[in-house]
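Look over the sequence and the model before reading on.

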Amino acid sequence: MFAFALLIGSASFTAPTAAAQGSNVIAIDEVKILRESKAGKDMATKLNNIETQMNNELTPERTTLQNEGKTLDGKLQGKSREQVNADAALVSELNAYQAKANAFAAKAQKASQEFSLTERVALATFNKALEPVLLQVIQEKNAQLVVSKSSVIYSADSIDATALVIQKLDAATPTLAVTRQKIPDQPANPQ
């Protein structure tokens with residue numbers, strides 16, 4: 001059964017190869033291009049800096065909430081639910097803390113969404129810079145077919161154009177503009 005599956009599998013791999021014979025094929029490794037090109041490295045550095053900045057902006061409020069939470073835990077220590085409910089000042093503190101924690105959670109969620117948006121915009125910018133370089137390599141290699149190395153089981157090194165794409169991308173676009181994206185504040189829902 002295994003030999004039969006192997007035979008069927010190999011037939012499916014030879015059919016595209018036969019169809020591609022006579023065609024000029026190149027392969028590229030998109031991950032390697034992103035990871036090793038100057039523009040990709042620049043983008044990664046800038047995204048890391050933006051992420052660090054965003055985390056640094058949230059840290060003081062997070063620390064304050066953690067400290068307030070520890071203080072409240074100390075005040076709640078050894079008290080029953082009835083005792084807590086009977087202490088109006090403590091209930092007020094707990095409600096205020098919960099409101100601050102909810103506001104911080106919303107702020108952290110918004111920061112996460114803004115970072116995701118920033119990453120998507122940066123990748124779109126990278127792809128926009130990559131496109132003319134890839135088209136230039138396709139023309140130079142007179143390629144009729146470009147395959148992704150990630151979706152190919154085997155490709156000869158002679159058809160791998162990744163290094164050429166990286167070289168040309170480095171020359172054309174060594175850096176990228178990566179800016180932090182902002183999401184407008186949503187108005188509070190009236191209840």
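How do the residues of the lining of the second largest pocket divide into nonpolar, polar and charged? The model is a predicted one, and in it this lining holds 3 nonpolar, 3 polar and 3 charged residues. Ala106, Lys107, Gln109, Lys110 and Gln113 line the pocket, together with Ile183, Pro184, Asp185 and Gln186. The volume of this second largest pocket is about 190 Å³. Rolling a probe the size of a water molecule over the atoms shows where empty space is left.

Now turn to a single residue. Thr162 belongs to helix H6, which covers residues 162-172. Is Thr162 buried or exposed? Its relative accessibility is 1%, and buried means under 20%, so Thr162 counts as buried. Leaving aside residues up to four places away in sequence, Thr162 touches Ala27, Ile28, Asp29, Lys32, Ile33 and Lys149.

The last step is the chain as a whole. The protein chain has 6 helices and 2 strands. Starting at the N terminus, these elements follow the order α-β-α-α-α-α-β-α. What share of the contacts with a separation of 6 or more comes from residues 24 or more positions apart? In the protein chain, that share is 86%.

The protein chain has 191 residues, and 25% of them count as buried, as Thr162 does.

Methods
Residues are numbered from 1 along each chain as its sequence is written. This is a predicted model: local features need pLDDT of at least 70, side-chain atom pairs count only at pLDDT 80 or more; totals for chains, interfaces and linings use all residues. Side-chain values use heavy atoms; hydrogens and water are left out. On a 1 Å grid over the protein atoms alone, a cavity is a set of points where a 1.4 Å probe fits but cannot get out, and a pocket is an open set with protein on both sides within 12 Å along at least five of seven lines; lining residues have an atom within 4 Å of a point. Grid points are joined across faces, edges and corners, and a volume is the space filled by probe spheres set on the points. Ala, Val, Leu, Ile, Met, Phe, Trp, Tyr, Cys and Pro count as nonpolar, Asp, Glu, Lys and Arg as charged, and the others, Gly among them, as polar. Helices (H or I, at least four residues) and strands (E, at least two) are DSSP runs, numbered from the N terminus. Buried means under 20% relative accessible area, exposed over 50%, partly exposed in between (1.4 Å probe, protein chains only). Contact means heavy atoms within 4.5 Å.
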